[in-house]
Amino acid sequence: MQLLSPIFCKHPLSDEITYEDGEVICGHCGFVKGRLVTDSPNSESRTTLFLDVEIGGKPNNSLVANRYIHFNSVELSLISNLCQALGMPKFLSRDIWFWYQKIKLNLKMTKAKVIVLVFYQLCRYNKIPINENELLSKVKFYLDVKHVHTSLNVIAEANRFLNEKNELIVEKIGFTNLTSHNANFLLYSKIKSLHDEYPQQIITIVEKIAKEQLLTLSGTDEEIAKTAFKLAKKRCGLC
């Protein structure tokens, strides 16, 4: 009778591959060596802005604790959905909700305008590229409106509101502290707009050329970013 030897892998540890679920296999022969177990839980939250802030339920006025409870909010749900659709980080989603409420309370602007203003300015301040065309498209979809003003228009409108002392309201509430301009941010936002039309390989080349052009140009941040982007696209045959 032939004795079967236990199956095992003789290949070096350097051939090991660990998958996201922790399974360890030999990259050479495919032998499953086991599963990597870690005691540390996943720290990444899978909840949305809405679930973090809103616990739901109907008001019960007989409960004193209700003063600490947030009840269902259509606007919170809207902002939460937009943050998810646009891939906003969790910390930024909370900031967007905070400033949305504050701007809406202090400026007589439509809901759509406030959303564009807050999303655009907070992404800009945190140097998180945002495709403005995608932002406007999502706002149209979630608010069910046919027209949405661009960031340039809503920023200009927001800066026209004055208080009784003839002071700029956005400045008094601290929102102007979030309006820093950065050529790199503007450039990355423009590059992000290419993702729906071109493969990553082309986009990487455009980004490399555009970043090199930034160092050679002068003017405002908007002018520098726009020119660098245009030159890069031209050199890659995209325009």
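Guide: Happy to. Let's start with glutamate 75: leaving aside its neighbours within four places in sequence, its contacts are Trp97, Tyr100, Lys104 and Lys111. Please keep in mind that this is a predicted model.

One of these partners is tied to it by a polar contact, as the side chains of glutamate 75 and tyrosine 100 are joined at 3.2 Å. Tryptophan 97 lies 22 residues away from glutamate 75 along the chain, and the C-alpha atoms of the two are separated by 9.2 Å.

Glutamate 75 itself sits in helix H2. With 23% relative accessibility, glutamate 75 counts as partly exposed, because the buried class holds values under 20% and the exposed class values over 50%. Elsewhere in H2, the buried residues are Leu76, Leu78, Ile79, Ser80, Leu82 and Cys83. The helix runs over residues 74-85, 12 residues in all, and reaches 16 Å from its first C-alpha to its last, close to the 16 Å expected at 1.5 Å a residue. After H2 comes glycine 87, with a positive phi near 70 degrees.

Now for the partner side. Helix H3 covers residues 90-106, and its buried residues include both Trp97 and Tyr100. Leu92, Ser93, Ile96, Trp99 and Ile103 are buried in H3 too. The length of H3 can be checked as well: 17 residues at 1.5 Å each should span 24 Å, and the end C-alpha atoms are 25 Å apart, so the two agree.

How far should you trust the wider picture? The mean pLDDT of the protein chain is 78, and 69% of its residues reach 70 or more. Among the elements, helix H1 (residues 49-53) has the lowest mean pLDDT, 63, while helix H5 (residues 132-143) has the highest, 94. Over residues 55-61 the pLDDT is below 50, and this stretch has 11 contacts in the model beyond near neighbours in sequence. Where pLDDT is low, the predicted coordinates should not be read in detail.

Aspartate 144, in the loop between H5 and helix H6 (151-158), has a positive phi near 55 degrees although it is not a glycine. Its relative accessibility is 71%, so aspartate 144 counts as exposed. Asparagine 166, in the loop between H6 and helix H7 (169-172), is another residue other than glycine with a positive phi, near 65 degrees. Asparagine 166 is exposed, with a relative accessible area of 58%.

Definitions and conventions: Residues are numbered from 1 along each chain as its sequence is written. This is a predicted model: local features need pLDDT of at least 70, side-chain atom pairs count only at pLDDT 80 or more; totals for chains, interfaces and linings use all residues. Side-chain values use heavy atoms; hydrogens and water are left out. Helices (H or I, at least four residues) and strands (E, at least two) are DSSP runs, numbered from the N terminus. The expected span of a helix is 1.5 Å times one less than its number of residues. Buried means under 20% relative accessible area, exposed over 50%, partly exposed in between (1.4 Å probe, protein chains only). pLDDT is the predictor's confidence in each residue, from 0 to 100. Contact means heavy atoms within 4.5 Å. A polar contact is a pair of N or O atoms within 3.5 Å; within protein, one must be able to donate a hydrogen and the other to accept it, and residues adjacent in sequence count only if both atoms are side-chain atoms.
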